[in-house]
Amino acid sequence: MSAGDGYRGRGGLVGYLFAGPYLVAYGALLVYPLLAGMALSLHKADLFGGREFVAFENYRRLVSDTVFRQAVGNTLYFTLLTVPALTVISLALALALNKAGRLAAFFRGVFFSSSVLSVTIVTLIWRFVLTPDGGLIANGLKAAGRAPIPFLSDPHLALPGIALTTVWWCLGLPMMLFLAGLQQIPGELYEAAALDGTSAWRTFWRITLPLIGRTLLVVVLIESVMQFQLFGQSQIMTQGGPNGASRPIVLFIYEVAFRRWDVGYAASASEVLFALILLASALQYAATRERRR
Amino acid sequence: MSSLELTNISKRFGAVSVFQGLSLTIAAGEFVAFLGPSGCGKSTLLRIIAGLERADSGEIRLGDQRIDTLAPGARGVAMVFQHYALYPHMTVRENIAFGLRNGGAPKAEIAERVAEAARVLEIGPLLDKKPGTLSGGERQRVAIGRAIVKQPRLFLFDEPLANLDAALRTRTRLELAQLRRRVRATMIMVTHDQVEAMTLADRVVVMNQGEIQQVGTPMQIYDRPANTFVAGFVGSPRMTLAPVGLVPGDARFATVRLGDGSQVSTRVPRADLPSEGLLLGLRPECVRLGPPRPGEPTAQVEFIERLGDRTLVYVKLGDGTAVTAEDKGASQAQVGQTVGLRLAAAAAHLFGPDGRGHHAAGRAG
Ligand SMILES: Nc1ncnc2c1ncn2[C@@H]1O[C@H](COP(=O)(O)OP(=O)(O)O)[C@@H](O)[C@H]1O
Ligand SMILES: [Mg+2]
């Protein structure tokens, strides 16, 4: 027993040595900024000037700030527009392309290729698609004898237009995750299901979907976290307009910090976004764990 | 319970041709083993019958119904996969009931049939567990349970014992034999293990490189191997195959001369025997050891394997021909020793240059 204790003691020390470099980086790059941000949100601070402790004054301002409340609403709406669509479409693509053969490999490459483009290029492409002034969709509508739709200048269509762009841009990663998940399922299970006389529909719901449950959770979590942080597309395509209709939280933070130099207030908005993302992730995780019992 | 009839089955994978016009008939209620070395096409044939693989041509009939045009689930066939292929996210009960639920059977009937299968296979206590928590033997029972609840006309087993450890394999072999008596259905088992095939099957289909070498009862296969492949593949250790010359004469039975000049008087009719290129086939139990005697082959001991109840002695004749002999458990034989071979010549086989077997007249089969 004493020998075991000694061994465990030494093992612990060696363990810390191995984990040490990572823990230092983790602390310096994640924990410290997180705490510093929290501290900052309790101050009235100028980007270049002094700091004054104001306790929760910044948060009180946020609650009554209609621009911020609109940004929160926009962010939630955008996440609801993109995450389910991304999940369903990327799963459908993965199911269709989960086979050997050159054609499938080619299309896997095609659908993944959009993810490697930068936001500038993606938004450039989609401005050509969405613009009512001779854009792809406008031309299509004109050919059908209909009036063009001003996606990015209509307050009701600006966010859906950005969502469309984002779905196209972000399909690659969840599709790859789903493909990896599907490939983990042994082919014999599908053969057993065929011999059990299972319809294609029931095979999907009763065999495939339960067996990629973890991948599904990961995809929804990752995509939620990513889409909550919408920024570049809005910034470039609409500058948050018209009339704030497509301004997400991150754009709000950016404007407050770097246009109005009100860093403390921006920090408090960041903390709210952080809390929202944390809450959404925890809810999804809890929901799926409940079901898996 | 239905008869199965395969007619002219051909199958290729790209450039590799597995079967060319294979035909086979299995009687209703028969237990047949497909026996052959790895890669000879046993699994492929089973999968063609199940509908998991499509034959390029040919016809399959189960009872009076043509089934090769039907979907796997509609053929009335159940299969136990080599690696069981249980649904990992379902309990044992759900695994067994899944096929019945797909078919829309009434709940009460499903419950009854699952309970009956659990009773027959003694897996009642496992019903609410997930497959991941079961041992290999338990998983296999569940896989069998999933097959028998469907009350199929034909059972297919792919290497049912290959994944079990030695002790469990012997027990499961006995259980399969018992199951076979309780469940009245036609059964096909794929195996590369001759002991499984010989002990379980009514008839054995010996295959090699996609061709059926011989179909017969275990004793027919053992006593009257159709060709040198069957002779070498069935029986452990292998039958000795020694080149011999035919001694001229007009007696009813053939006498042959071994490489060292000694003669063996077989009971194989001389009538339709080729005169050249013969091989003499001797099972180890037909070659005993004794002190050298004139007129009998003498040999030198090369290698000894003691199995406890018997001893296998590998010897070489004067001309270098290798022969496997059997001796009693407490054998006195020693490597390098010169011994006399007592051949049970009446049980010897002869094989022609085309590999075809010629056997002693009047023996069973
Ligand atoms: N899906 C497949 N694609 C290509 N070749 C295959 C496939 N399945 C089996 N084969 C080939 O067919 C032959 C027979 O295989 P199999 O039926 O699995 O043999 P066995 O079960 O007797 O070991 C082998 O040469 C194997 O390589
Ligand atoms: Mg096989």
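**Labels and their cut-offs**

Modeller: Pro237(B) sits in the loop of chain B between α8 (228-233) and β11 (240-246). Helices (H or I, at least four residues) and strands (E, at least two) are DSSP runs, numbered from the N terminus. This is a predicted model, in which local features need pLDDT of at least 70 and side-chain atom pairs count only at pLDDT 80 or more, while totals for chains, interfaces and linings use all residues. Residues are numbered from 1 along each chain as its sequence is written, chains are lettered from A and ligands numbered from 1 in the order in which they are written, and side-chain values use heavy atoms, with hydrogens and water left out.

Colleague: What joins Ser236(B) and Pro237(B)?
Modeller: A cis peptide bond, with omega about -5°. It deserves a remark because most peptide bonds are trans.

Colleague: What makes the phi of Gln239(A) worth noting?
Modeller: Phi there is near 50°, a positive value in a residue other than glycine. Gln239(A) lies in the loop between α12 (232-237) and α13 (249-258) of chain A.

Colleague: Which residues surround ligand 1?
Modeller: Among them are Phe13(B), Pro37(B), Gly39(B), Lys42(B) and Ser43(B). A residue counts as near if one of its heavy atoms lies within 4 Å of the molecule. Helix α1 (residues 42-50) of chain B gives the most to this shell, three residues.

Colleague: How much of ligand 1 does the protein cover?
Modeller: The protein covers 56% of the 560 Å² of accessible area that ligand 1 has on its own. Such areas come from the Shrake-Rupley method with a 1.4 Å probe; for residues, only the protein chains shown count as cover.

Colleague: How is chain A divided into domains?
Modeller: Domain 1 is 1-33 and domain 2 is 57-292, with bounds from an automatic or database domain assignment. Their C-alpha centres lie 38 Å apart.
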